[in-house]
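Q: Hi! I've just opened this one and would like to talk through the packing. Could you look at it with me?

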Amino acid sequence: MEHWLAYFMDGNEQVRDVARAAEALGFTGIALVDHVALPENFQSVHPSGERQVEPQAQFSDPFITAATMAGVTSTLRFMTYIYLLALRDPFSVAKQVTTLAMQTDYRFSFGIGAGWNEEEFTLLGQDFATRGRRMDEMIGVMRGLWAEGTSSYHGEFYDFSSVCQYPVPQLRIPIWVGGTS
C-alpha cells in the first residue's frame with residue numbers, strides 16, 4: 001500500500017522539513033496542489049459543492065516546491081494534484097515537467113485536471129468553456145514533444161509543424177488525469 005501526503009495551502013516555510021519528515025515516516029510521496037491566482041470575490045463553486053479554498057490560500061508553485069523537496073530527499077516521490085493545465089501553454093509546461101522529472105530522477109508524476117474556477121480562467125485570459133478540449137490537445141502536444149523532441153501537431157487549438165524541444169525525457173512521464181465531471 002502506498003501512502004501519499006497532501007501538501008495543500010501550507011506555504012513555503014516548512015517544505016524541506018515536511019519532505020524530510022514524510023520520507024522518514026515512510027510516505028511514498030507528496031501531492032502538491034495548484035492555483036495561479038484567485039480573484040478575491042470569486043463565485044465559482046468547487047465540484048464538491050463546498051468552498052474548498054479562499055483567495056488568500058498559500059498556493060506555492062507545485063513544480064518549484066517538488067524540486068525543493070526532492071533536493072532534500074532521495075526516495076520520496078512527487079505529483080501534482082491537480083495541475084490546472086488548461087491555464088497555461090503546452091510548450092512551457094512540457095519543458096518544466098521534463099526538467100523536473102529528469103532532475104528528480106523521475107520521481108515526479110504529472111497529475112492534471114481541467115479546473116473549476118471560472119474567474120481564474122477569465123483572469124488569465126483562457127476560455128473556461130473549452131478547457132477540457134484544450135487540455136486533451138495539450139496532452140497530445142506534450143507527449144509529442146517528449147517522444148522525439150521534434151514534433152508537429154494539428155488540432156482545434158494547437159496547429160504547428162516541426163517544433164523542437166530538448167532535452168527529451170529518457171523515461172515516460174506519467175500523466176494522471178483527475179476530475180469529477
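Predicted model: local features only at pLDDT ≥ 70, side-chain atom pairs only at ≥ 80, totals over all residues.

Q: What happens to the backbone just after α5?
A: G149 sits there, and its phi is positive, at about 90°.

Q: OK, on to the core. Which residues touch the most other members of the largest nonpolar core?
A: That core has 41 residues, and the ones touching the most other members are I30, M69, L85 and F110. Several elements each supply at least two of its residues: α1 (15-24), β2 (29-32), α2 (62-70), β4 (83-84), α3 (90-103), β5 (108-113) and α5 (131-148).

Q: Which of them gives the largest share?
A: That's α5 again, with seven residues of this core.

Q: What does L85 touch, leaving out residues up to four places away in sequence?
A: Quite a list: V93, F110, I112, G113, M135, M138, I139 and M142.

Q: Switching to aromatics: how many pairs does the structure hold?
A: Eleven aromatic pairs. One of them brings together F42 and W116: the ring centres are 5.9 Å apart and the planes are at 65°, so this pair counts as edge-to-face.

Q: Where do F42 and W116 lie?
A: F42 is in the loop between β2 and α2, while W116 is in the loop between β5 and α4 (118-123), so the pair ties together parts that are 74 residues apart in sequence.

Q: Is F42 buried or exposed? And what about W116, buried or exposed?
A: F42 is buried, with 1% relative accessibility. W116 is buried too, at a relative accessible area of 13%.

Q: How are the rings of F63 and F108 arranged?
A: They make an edge-to-face pair, 5.9 Å centre to centre with 85° between the planes. F63 belongs to helix α2 and F108 to strand β5, so this pair ties together parts 45 residues apart in sequence. Both F63 and F108 are buried.

Q: Which residues share an aromatic cluster with those two?
A: Y83 and F110 do: F63, Y83, F108 and F110 form one cluster. F110 also came up among the residues that touch the most other members of the largest nonpolar core.

Q: What lies over the face of F128?
A: R131 does, at 3.7 Å from the ring centre.

Q: Now P62. Where is it found, and is it buried or exposed?
A: P62 is in helix α2. With a relative accessible area of 1%, P62 is buried.

Q: What does P62 touch beyond residues up to four places away in sequence?
A: L32, V33, D34, T80 and Y83. P62 and T80 are 18 residues apart in sequence, and their C-alpha atoms are 6.6 Å apart in space.

Q: Let's finish with the backbone. Which residues does a cis peptide bond join?
A: One joins Y81 and I82, with omega about -15°, and I82 is in the loop between β3 (77-80) and β4. Another joins Y166 and P167, with omega about 5°, and P167 lies in the loop between β7 and β8.

Q: Which residues other than glycine have a positive phi?
A: D105 has phi near 55°, and Y106 has phi near 60°. D105 is in the loop between α3 and β5, and Y106 lies in the loop between α3 and β5 as well.

Q: Is D105 buried or exposed? And how exposed is Y106?
A: D105 is exposed, at 64% relative accessible area. Y106 is partly exposed, at 25%.

Conventions: Residues numbered from 1 in each chain as written. Heavy atoms only, no water. Core = buried A, V, L, I, M, F, W, Y, C linked by side-chain atoms within 4.5 Å. Buried < 20%, exposed > 50% of the residue type's maximum accessible area, 1.4 Å probe, protein only. Helix = DSSP H or I, 4+ residues; strand = E, 2+ residues; numbered from the N terminus. Contact = heavy atoms within 4.5 Å. Phe/Tyr/Trp six-rings, centres within 6.5 Å; stacked < 30°, edge-to-face > 60°. Lys NZ or Arg CZ within 6 Å of the ring centre and 35° of its normal.
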